Amino acid sequence: MRDAVNQVGQSRARSRLLRRTIAAGVLVCTAFAALAAASKTPGEVARAGADIDVLHYTARIEPDLAAKSLRGHVAIRFIVRTQGAQRFDFDAGELDIVAVSEDKKPLSFDKLDKRVSVRLAAPAAAGSRHEIEIVYRGAPRFGLEFHPERNELYTVFSTSQWLVCIDAPQERATLDLTVTLPEGLKAVGNGRLMSKSALGGRREAYRWRQDAAMPSYVYGFAAGRYNEAGGTSENAVLRYLSSDLQAPQLRRVFADTPDMMRFFGRRAGIRYNGTYSQVLVAKTIGQELAGLSLMSEAYGREVLDDPSAQALIAHEAAHQWWGNYVTCRDWGHFWLNEGFANFMAAAYLQHRFGDEAYRKQVDGWKRRLDKLRETGKDHALIYEHWSKPSADDRAVVYQKGAYVLHLLREELGERAFWGGVRAYTRAHYGHSVVTADFRRAMERASGRDLGEFFARWVASAEVVAKPAAGRSERGDAAKGRSGASRDRAVSEAGACCEQAWALTDAWLDRGIVAERSFAVAACAAPTQERRGQGVGAARAATTNPTDRGTVPIRPGRLFNLDRPTPRPLAPSPGTCAAPSIARPRAPFVCISESRTVHELASWL
C-alpha cells in the first residue's frame, strides 16, 4: 500500500486509492506509539512511571546502521511522588538492560516484559529528586528504522524501542539527545542543534536540546544523505530534506508549509517559534515529532504530481500544536490529538483550495462513520482502554473525531467555534488534556451548555464505552487524592489562562496593544511548578522568538509596563482562582509594546 495520503487529488485512480487508505485508518501517525504505550487493561499493574514525575532525559544513542542495532545510555532525572517508594518501572520495549546506577553506585533491576524495574538503594521521600543512569543495547524490530542501502535511519512510532523512558502521554520532560552517526550524514532531531563534532573513526556526533517539556512519543531524529531546501514563516525556520528529491523539487513539495504554519498559528492563537523540519524518508505512514515530521519519499512524489495533495503535510504540521503541545492525558482521549489534526488539516485545505476541498474531507469522514454504524462498530470518542486498536477504532478516533469537530463548528458558528479552539489551545498549551477541558472551553466561548451535543456525539454511539469502576472522564480514581487534586488544579488554572488570554484579545480588538508588538505572560497550569521553574511560574509568549520562555511572576496583578511607574491596571482578572497543588493563585497578565519578556520578568 502506498504511503501518500490525499483526498482531494485530481487523478481519479489515485484519489480512490488514497480515500481507501484514509478510511482504513492510514493516518495513524501516533497510533502505534499509542499502542505501545496503551492504557492499563484489567488486571494489569499501574503504568510505568506512575510514582514519579520525569523532569529530563540525557541520552546518548550509538546506532550501527549496517548491523541494525544500537547501544544507548540515558540519565533520567525525576521527582518521587509517593512517600517511601523504592521500586520504579520504566518502559524499555525489547531493549536489553546492561546496567543501572545512581551516583555511580549500581542498582538492582529486573527486565520484565517491556519494562525495566529499578530498585533504589533506600526508600525515597515524596518530593525527593533522583537521577539514575541506564546502559542498554538492542536490535529494534520497529521504533528505529534502519535502511543501510540508503544510508538512512529514523525513528517512528515507539520511542521506548530505542530509548528507556516513560511512554505515557501525560508524562512530559525535556531532552538532551546525542546520536553518533557515520561521517557524511545530515541529521535533524528535537529542539536546538547544540553541536556537531567529529569523533574519529569516520563518525560524527549530533547533539540536540529540547527545552520545552514534551511527551516521549514525539522524541526522535532522522539521518541520511539528504538534499536540503528551506524557508521561513514568521518566527519559524523551515527545513525540507530528502535523499531522492533535489532542492527545487523539495521547495515545490513543501511550497505551502509557510502558509500552513501561519494558518495554524492564527487558529491556535500561538505562533510557532523555532525550527520545523519536514523529512521525506524511505517509508512511513506519517509521523509527527517535536519540531519535525516524517513522510515517505513516495508521498513527496505524489505532491509533485498533484500540488493539491496537501492533507498529510497539513495533518503533521497541525500536530505541532494539537498533539505535541496540547496532548491527550491518556490514550482514551486520543481523538483530541488525531481528530483535531485531521480536522485542522481539512480547515487548511478549505483556506488554501476552497470550500469544495473541505467538503470532500467532511463527506469522507461521514461515509466512514456511516459504515461504522452500519456494521455496529461505532464507538464513543472517549475510550475506556486504547489497547490493540483495530482499523475501526482508529477510524473512530481519526474520522469520527474530525467529523464531530465539523458538526460543532456548524452548531456554534465561526466566531464562537474558532474563539473556543483558540482559548482551549492557549489555556492548555504545554500540558495534557481530557475531553472535559475542550468542552469547557467551547462552552465558555459560545456561552452555551453543550451537554446534549457532547452526550450525543462524544460520549455515545451504537457501542458505548462504559467507564470502569471508580473511573471518570477526569482520570482514574486509582491515582488517589493527590492525582485528583492535580487534575482539578490543572483544569482550574487552564480556565484562568483562558480568561487571561480573552482579556488580551479584547485589548487587541480595542487597539490598546498592537498585534505584532506585544508580549504577554499568562498564568500556567501548576505542572510547570514541578519543573523546577519556581512557584507561580508563567508561560510567556511573544512575537520575538528569542524572548520566548518561562518567567517567575507574582500572581493576581496586571501591569502596564509602558508607563513610567508600573502599576496595576483595572479591571484585574484576580477574581478567577488558579490554584496550585500547594495553595491558591490568581491569574496574571503582563503586556508591553516596548519591552521583551525577559525585561518584563525584571519587573515582577
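Me: A salt bridge is a side-chain nitrogen of Lys or Arg within 4 Å of a carboxyl oxygen of Asp or Glu. How many salt bridges does this rule give here?

Reply: Start with the general idea: side chains of opposite charge can pair when their charged atoms come close. This model is predicted. In it, the count comes to 34 salt bridges.

Me: Take E94. Which residue forms a salt bridge with E94?

Reply: The partner of E94 is R141, and their closest N and O atoms lie 2.2 Å apart. This pair links distant parts of the chain, 47 residues apart. E94 sits in the loop between strand 3 (87–91) and strand 4 (96–102). R141 sits in the loop between strand 8 (129–138) and strand 9.

Me: Why does E94 count as partly exposed?

Reply: The limits for that class are 20% and 50% relative accessible area. E94 counts as partly exposed because its relative accessibility is 36%. R141 has a relative accessible area of 61%, so R141 is exposed.

Me: Next, D244. Which residue forms a salt bridge with D244, and how far apart are the closest N and O atoms?

Reply: R301 does, with the closest N and O atoms 3.4 Å apart. Again the pair links distant parts of the chain, here 57 residues apart. R301 belongs to helix 5 (residues 297–305). D244 lies in the loop between strand 17 (236–242) and helix 3 (247–253).

Me: Is R301 buried, exposed or in between?

Reply: R301 is partly exposed, at 39% relative accessible area. D244 is partly exposed too, at 37%.

Me: Where do R368 and D392 lie?

Reply: First the contact: R368 forms a salt bridge with D392, at 3.0 Å between the closest N and O atoms. R368 is in helix 8 (residues 355–374) and D392 is in helix 9 (residues 391–412), so the pair ties together parts that are 24 residues apart in sequence. R368 has a relative accessible area of 10%, so R368 is buried.

Me: How many bridges join strand 9 to strand 10?

Reply: There are 4 bridges between strand 9 and strand 10 (residues 152–155), and the two run antiparallel.

Me: And the sheet of 8 strands: what is its order?

Reply: This open sheet runs 5-4-8-2-1-11-14-13, and its pairing is mixed. Its edge strands are strand 5 (105–106) and strand 13 (192–198), and each pairs on one side only. Strand 13 is joined to strand 14 (residues 203–215) by 6 bridges, and these strands run antiparallel. R192 has R209 in strand 14 as its bridge partner.

Me: Now aromatic rings. How many aromatic pairs are there?

Reply: The count comes to 32 aromatic pairs. One of them is F264 with Y348, a tilted pair with 6.2 Å centre to centre and 50° between the planes. F264 lies in helix 4 (residues 257–268) and Y348 in helix 7, so the pair ties together parts that are 84 residues apart in sequence. F264 and Y348 are both buried.

Me: Why is the pair of Y424 and F438 edge-to-face?

Reply: Planes over 60 degrees apart count as edge-to-face. The planes of Y424 and F438 stand at 75°, with ring centres 5.1 Å apart, so the pair is edge-to-face. Y424 is in helix 10 (residues 414–428) and F438 in helix 11 (residues 435–446), 14 residues apart. Y424 counts as buried because its relative accessibility is 0%. F438 counts as buried because its value is 1%.

Me: Last, Q350. Which residues does Q350 touch, leaving out those up to four places away in sequence?

Reply: Q350 lies in helix 7 (residues 335–353). With that exclusion, Q350 touches D355, Y358 and R409. The side chains of Q350 and D355 are joined by a polar contact of 3.0 Å.

Key. Residues are numbered from 1 along each chain as its sequence is written. This is a predicted model: local features need pLDDT of at least 70, side-chain atom pairs count only at pLDDT 80 or more; totals for chains, interfaces and linings use all residues. Side-chain values use heavy atoms; hydrogens and water are left out. Two strands pair if DSSP finds at least two bridges between them. Buried means under 20% relative accessible area, exposed over 50%, partly exposed in between (1.4 Å probe, protein chains only). A polar contact is a pair of N or O atoms within 3.5 Å; within protein, one must be able to donate a hydrogen and the other to accept it, and residues adjacent in sequence count only if both atoms are side-chain atoms. Contact means heavy atoms within 4.5 Å. Rings of Phe, Tyr and Trp (its six-membered ring) pair if their centres lie within 6.5 Å; planes under 30 degrees apart count as stacked, over 60 as edge-to-face and the rest as tilted.
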